[in-house]
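Thanks for coming, everyone. Please bring up the sequence and the model, and keep both in view while I talk.

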Amino acid sequence: MEKPNSSTSSLIRTKSDQFVETMAAALAAMKSPVSSGEVAASAVGGGGPEGSSSFHSRKSSRGLASASPGRSSGHIGKNTHIRKSRSAQMKFDVDDLSSSAALSRASSASLGFSFSFTGFTVPPDEIADMKPYSDEDIPEDLEAGMQKTKLHTEPTLPIYLKFTDVTYKVVLKGIRTTLDKEILNGITGSIDPGEVLALMGPSGSGKTSLLSLLGGRIREPTIGGSITYNDQPYSKYLKSRIGFVTQDDVLFPHLTVKETLSYAARLRLPRTLTKQEKDQRAIDVICELGLERCQDTMIGGSFVRGVSGGERKRVCIGNEIIINPSLLFLDEPTSGLDSTTALRIVKTLHDIAEAGKTVITTIHQPSSRLFPKFDKLILLGKGSLLYFGKASEAMLYFASIGCSPLIAMNPAEFMLDLANGNVTDISVPSELEDRVQIENSEAERKSEKPAPALVHEYLVEAYETRVVENEKKKLRSPTPIDEEIKSKVCTTKREWGASWCGQYSILFWRGLKERRHDYFSCLRITQVLATATILGLLWWKSGSNNPEKLQDQAGLLFFISVFWGFFPVFTAIFTFPQERAMLSKERAADMYRLSAYFVARTTSDLPLDLILPVLFLLVVYFMAGLRMNVGSFFLTVVTVFLCIIAAQGLGLAIGATLMDLKKATTLASVTVMTFMLAGGYFVKNVPVFISWLRYLSFNYHTYKLLLKVQYEHISHSIDGVKIVDGYEEVGVLLAMVVGYRLLAYLSLRRMELR
Ligand SMILES: Nc1ncnc2c1ncn2[C@@H]1O[C@H](COP(=O)(O)OP(=O)(O)OP(=O)(O)O)[C@@H](O)[C@H]1O
């Protein structure tokens, strides 16, 4: 999803280029009016004295990890961790939930909330020793290589996620009819802290939908069943405890890996941490994810070469684990990656889970090395549950219902074949074979293989009759943690990572950095200077000492009002549609207030928007011989500034309201054309019923102000336009500056609510 950013920004430039070219071409015509035509970081309780006993370094955390299970479970109230070391087998199994050991482990983990991020630091000597991940640098012994980057995080609120009979349907609206489409049909399961749950199934089987439902990303009345977090329903307070890695990599293409993670840390980590501690945290995550070698490389996109696909995916994961979430959701984190990189990512997820987090990931086709890394598995087929349980027991289950591979096969491949209804190399039970004879079509009967629909029906029935009730019974037992801890899921107050001003400042600087290339783009500066020079030459020392010359010069003033009215509109309409995916992602994670984003986004472009017209006027003003005194030049610059920010407001409002570039450019073209025509230069005798239109035109008000600045000492009226005192024009332009922006802000709010 970084693509829209870069592609659209280049689109903006292309549009701007075209616009300038068009405008330049229109110049000659302008000379003669007759021929003219843009967690609380799960740090429940925040830092505290206990923080000093949290993870301090790899060495100290290794020490803790090696603590015996007995020690970690027995010391409730101490700052211990749910650490599931493979050797110590500190994993929470479903069957283990009711045991007192699990209870005390969860409690000890939950009571270790108070920690300090300062303890997260990896010592520099260890960083230097660590072998970073790199796509070219694959260790001989993969497992051994991975041990070096084992993830160490502080304990967080353990969250037990349970979902029972989850259904989801969407209403598809046709031209005349509406149709209910069932996406999910009665999905039941659970996952505990310390586990990785894999959602598997063929394309379109509903994995992303289920993941989004569980992650609280879809909140619609068409959702059925129950989803609980520590036996509590979803609440907005959970947002800061959830990390959600979307299928598309939504990142800013021009920021480096380090900048991306540092800004995420500054926005998302609790206010109790200093800027240095937050930046250190970003560096720690870079080390944890093996991104050291590319930390200063731009993320990149369609037009900018950046980091590799695997590195980009790890940045996305880093963006989410930086807050140390209790629940981590990932949508196809390994798709498009080679099996080694995929294994590294899944290994990282395993490490995260081992630190007491609940990890849920969709996965398309895991390799045979990847598959055993998952603790639990959900296999979906056409929105129905075909299997839920331990990943290691899936093959046994399918064998128990009579489905086994006939040739050597990767378990994931076998299960996807089954979920697709393809049983070419799979044995089927006699029960299903019998149905073949009865229900299959003529052609299918000849092949003696059951039709995919029959296989699907059989698998759904088998799961429903043999497993579902048992699972539901298990889910009815209460989550084995204290009531007080349970309630933290829905009562802990939401805390922003930074104050409003802090958010504004971070977003402002991030905006500047992301668009720094546009800012210092020689092309853009050349565009403006070239246009200014052409104007200067065409109106060379035009003067205002006779009516004919004065009318010519008025044409130049009108062109200036048109140029600096249209140019900002067409740049600003792209602003919000272009950042929609990023805005949705970051707001869903509660990273900042919409108002802070809005103000930062709309002001971070201003410096350049105000430098360019000054350059432009410096050239045109003196070449064209406009009124030669400092006051007039200054007022001309201020008038053009006002016109630019009013026009930008219109562009922002159109973009935010429509959120569709095609529709937005169409509406903007019609609007600016109308404003230009109603601007008081082309047509003087406008019918009364439509004459009000000119008052909506920023060109009209700008033109009138420019006429006043240039000719108030010469005449009371120029070319049929009265020279006025200008207060009304300034007032109207200021109202447009505020009004259009307010409309844009409300449109963004409405979009979020929808
Ligand atoms: N809002 C929606 N409107 C219409 N159809 C939808 C909507 N959301 C999901 N679907 C449909 O629901 C089905 C499941 O979609 P989903 O994205 O969950 O599948 P998936 O298993 O994640 O697929 P993939 O592996 O290809 O990403 C698809 O057929 C999809 O077209």
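**A strand and its surroundings**

Let's start with one residue. L330 sits in strand β6. Strands here are DSSP runs of E, at least two residues long, and helices are runs of H or I, at least four; both are numbered from the N terminus.

Before going on, two ground rules. This is a predicted model, where local features need pLDDT of at least 70 and side-chain atom pairs count only at pLDDT 80 or more, while totals for chains, interfaces and linings use all residues. Residue numbers run from 1 along each chain as its sequence is written.

Why is L330 called buried? Because 29 other C-beta atoms lie within 10 Å. The cut-off for buried is 20 or more other C-beta atoms within 10 Å of the residue's own; exposed is 12 or fewer, and partly exposed is in between, with C-beta atoms placed from the backbone.

Which residues does L330 touch, beyond its neighbours within four places in sequence? They are V245, I317, L349 and T361. Contact means C-beta atoms, placed from the backbone, within 7 Å. Look at V245. It is 85 residues from L330 along the chain, yet their C-alpha atoms are separated by 4.6 Å.

Now the whole strand. In general, side chains in a regular strand alternate between the two faces of the sheet. In β6, residues 327-330, L327 and F329 point one way and L328 and L330 the other. All four are buried.

**Its partners**

β6 pairs with strand β5, residues 242-245, in the parallel sense over 4 bridges. Pairing means that DSSP finds at least two bridges between two strands. I242 stands opposite L327, and G243 opposite L328. β5 is covered on both faces. I242 and F244 are buried on one side, G243 and V245 on the other.

β6 also pairs with strand β7, residues 358-363, again parallel and over 4 bridges. There, T361 is the bridge partner of L330.

Which elements give two or more residues to its shell? The shell includes V170, K181, G204 and K207. A residue counts as near if its C-beta atom, placed from the backbone, lies within 6 Å. The contributing elements are β1 (161-173), β2 (178-191) and α7 (207-214). The largest share, 3 residues, comes from α7.

By type, the shell has 3 nonpolar, 7 polar and 2 charged residues. Ala, Val, Leu, Ile, Met, Phe, Trp, Tyr, Cys and Pro count as nonpolar, Asp, Glu, Lys and Arg as charged, and the others, Gly among them, as polar.

Stay with α7. In this helix, 6 of 8 residues are buried, including K207 and S209. Just after α7, G216 takes a positive phi of about 75°.

**From the record**

Last, UniProt. Its unreviewed entry places "domain: ABC transporter" at residues 161-407. Positions follow the numbering used here, feature names are shortened, and annotations may be inferred rather than shown by experiment. The span 161-407 is 28% helix and 28% strand, and its end C-alpha atoms lie 37 Å apart.

The unreviewed entry also lists "transmembrane region" spans, among them 606-624 and 664-683. Residues 606-624 are 95% helix, with end C-alpha atoms 27 Å apart. Residues 664-683 are 70% helix and 0% strand.

Notes. Contact = placed C-beta atoms within 7 Å.
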